[in-house]
Structure formats: structure tokens, C-alpha cells
Amino acid sequence: MSLNLRTGQPVWTLTKPRISKYKKLEKDIHTEVAVVGGGVSGALIAHKLASLGMRVTIIDSRTVGAGSTSASTAILSYEADVNLVDLIGKIGERSAVRAYRVGVEAINSIGDTIKTLDDDCDFKKRRSVYLSSSVKDVKLLQRECKARQKYGFRVRLVGRSELAKTFLLKAPCAIVNEDAAEVDPLKLTFALVRSAENKGLKIFTYTKVQTYRQLHSGLLLTTEDKFTIHAKHVVFATGYETQQILKQKGVSLVSSYAIASTPGVKFPKGVERPVIWESARPYLYVRTTKDSRIVAGGEDVDFVDEHKRDDLLTEKTRTLERKIRKMFPRLSWKLAAAWTGTFGQSDDGLPYIGTHKHFPGAQFALGYGGNGITFAAIASRIIPDLILGTSNADAKIFRFGRQSK
């Protein structure tokens, strides 16, 4: 199970985050929980489990944070790729509203967790602006805003003049949401791992898990080098590569593209810097960073293979650059980084969290959709309960085999 998840240089690698070096597994080991995958999902889950006093080991086929985590634009949003009104139609009112609400809770939990770490991870609460890409989408946003307000989400609809004055944005209207944030995904991953190491976490990198077996005495992982990992519990946080072995219906892989500007972009005084996305599909999404870079992503295409994805990088970079210059014509900036990555998406825009019938005894944390880090935080709240046998009502919403309404 190995896929080249990204190409290019993500902006997060330009800031030279504090990276620890870890060794390859070269002996048989025993652990209470083996977390397969050292990205932000694995780090959040391992951190939570270690904080509960469990003996945890991370196993990664690359190094920590080197997969999809570093390719993320790291916008923290509770809004799924499927609008709330449409999600209600897919999975029912109660589940849809709770799925959105638990996303808000997850963003807040990330902020609370970061306060306990040795790095602020460039975490910043932001408002988000969901733009109507055209006049024909105005009714869609009006309906969506009304639905969210009905269920108590902190949103309001704004028109052209307020968008231009407050955000320098030009669109017929937008939903302004009070509950969003941004973070540096690599800093977050490394800080979580460092904190968990102080609680006993062990990490082995460049170690590829080849087989999984359930035994009477627990669970057994075998690596490509024939070393074994005996564990009471296994968590697969292997992200979008997991689709290669699960081959789930209703899940597809896409290639997404991103760019970042040089630092120090000067926004006019009094202009907010929200996270931005739009009603068009595939949508453009935009944020800024602590050192005042513009980061933008989108131009998604169906994933075929890494080579075809990478061949489009130059063309997609030009397109994204053109769109951002059109969005902010008064801002001066230069291109500093461009990259592409492979991501997964589910039909209902939600992650898959919990057990799978083909891997008895294991847990999965698969953050399919545009909110991977938010979904990872949700998984870090559910999976420890599943492991400990504690009831968690949210687990039903994100389980494998969930049925549409």
C-alpha cells in the first residue's frame, strides 16, 4: 500500500519546521496500540491515546508528515463538501446537523490541544467566506444560510458592498461563518508527536506494513522486512492510500493543486483575511499564513496516476495564479511555491471512522473530503472511545456501511 501522494514543494516545507529523526523498525516489538500512519491524523490519535496513558507506537512507510499532511492547505472548516441542506437529504436531519456541529467542536478542540503543545503551530481562528460563484448560485446560498441559522450555526448572508469593503472580494453574495481557522499542518503534526513522545510514544519510520492478522492473543502486523508488531489494538490512519486496499464504493481519488506566494503580502488596513471558498465545483479555496502569504488550492481533477497528475502541475499553477490575481487585483505578490497532491472524497463529504468488516479488531481514521484535519480531530475523539469500549454517539454517523436516507 504505497502511493506517491504529492509532488512539488508545499509551502510548509519552506519554513523549516522542527523535524526529529526516527529510525526504521529492525526488531519484533509489542505495543498496546499500533497507529499505522504518521500524518496529522495518526499524530492526533496517538497524542490522545498517549494522553490517556496507553502505550502507543506509530509506524509509517515514509517519515512523519511526509504524505498528504504536507500537501494540505490546512484550512480548518466544519463545512463538508456537501452543503448542509443536501447532507440532510442524504443522511437525515439529525445526523447531518450533528456532523456539522461536531466539526465546530473539533476545530475548537484543535485550538485547545495546541495550547498544551510547545508550538502555537500558527493556529489562528478565522471567519470563513463562502462565495456565490455566480448569480445563479445566490438562491443556493440563501437556502443554505437559512438552514444553518435554523440549527444555530453562527452564519449570516452578506451582499456585494460588504464583501468588497470588508474582504476586498467581488461576488453577488456570500455566507460569512464565524467558526473556522487555519494552521500549519507540519508544525501541528510534529508538535503533537513531540508531546506524545514525552508520554511514551514510540515512532518508526520508513517501515512499511505488509500484512495484518487477528490472533487469539491480539493483532499482528508484519512489515516488509518481516519484523512483527504485536498489538492489542491497531489504528489505520493511512489516509487516501487506504482506498487501494478497501476499494470502497462511493469513494473516489482526486488530484488537487495549490500555490503559495512569497511572505509579506501587504493587505490594506482594515481588510480582513478570512479563509475563502466558493460555490462552484470544483471550488477554489484561499487562506493566508502567519507570515502573510497567500495560499490557494483547487483545480481538482479525477486521479488517474501520479504521472498524469504531475504533468498538469505547470498548467494548474498558472490557472490558480491567474484566479488569485483576478480575485485580489490590488495586491502585489510573487509565486513562491506550487505543489499537487492526491486526496479522497466520499459521496456524502464525510469521513469514515471505526471498524471495517475486512479488518476485524482494527480501527480506521479516513478523513475523506476537503476537511481532512478537522475530520482527523473528530477521529481522535471517537477512536479512543471505541478502543476503550466507551459509548460514543457520533461514531454511528461516520461508520463504514452507513446508509443514506
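Predicted model: local features only at pLDDT ≥ 70, side-chain atom pairs only at ≥ 80, totals over all residues.

## Holes inside

There are three cavities of 30 Å³ or more. A cavity here is a set of points on a 1 Å grid, over the protein atoms alone, where a 1.4 Å probe fits but cannot get out.

Residues are numbered from 1 along each chain as its sequence is written, and side-chain values use heavy atoms, with hydrogens and water left out.

## Around the largest cavity

Which residues line the largest cavity? They are Phe167, Phe267, Glu272, Arg273, Pro274, Ile276, Val286, Arg287, Thr288 and Phe328; lining means having an atom within 4 Å of a point. Strand E14 (residues 285-288) gives the most, with three residues. Strands are DSSP runs of E with at least two residues, and helices are runs of H or I with at least four, numbered from the N terminus.

## Two helices side by side

Now for H1 (residues 40-51) and H7 (residues 185-197): their axes, lines fitted to C-alpha atoms over the stretch in contact, come within 9 Å and cross at roughly 25°. That makes H1 roughly parallel to H7, a label for angles under 35 degrees.

Val40, Ala43, Leu44, Ala46, His47 and Ala50 in H1 meet Leu188, Thr189, Leu192, Val193, Ser195 and Ala196 in H7, where contact means heavy atoms within 4.5 Å.

Notes
1 Å grid on protein atoms, 1.4 Å probe; cavity = no way out; pocket = protein on both sides within 12 Å on 5 of 7 lines; lining within 4 Å. Points joined across faces, edges and corners; volume = space filled by probe spheres on them. Axes fitted to C-alpha atoms, helices over the stretch in contact; angles between N-to-C directions. Parallel < 35°, antiparallel > 145°, perpendicular 65-115°, else oblique.
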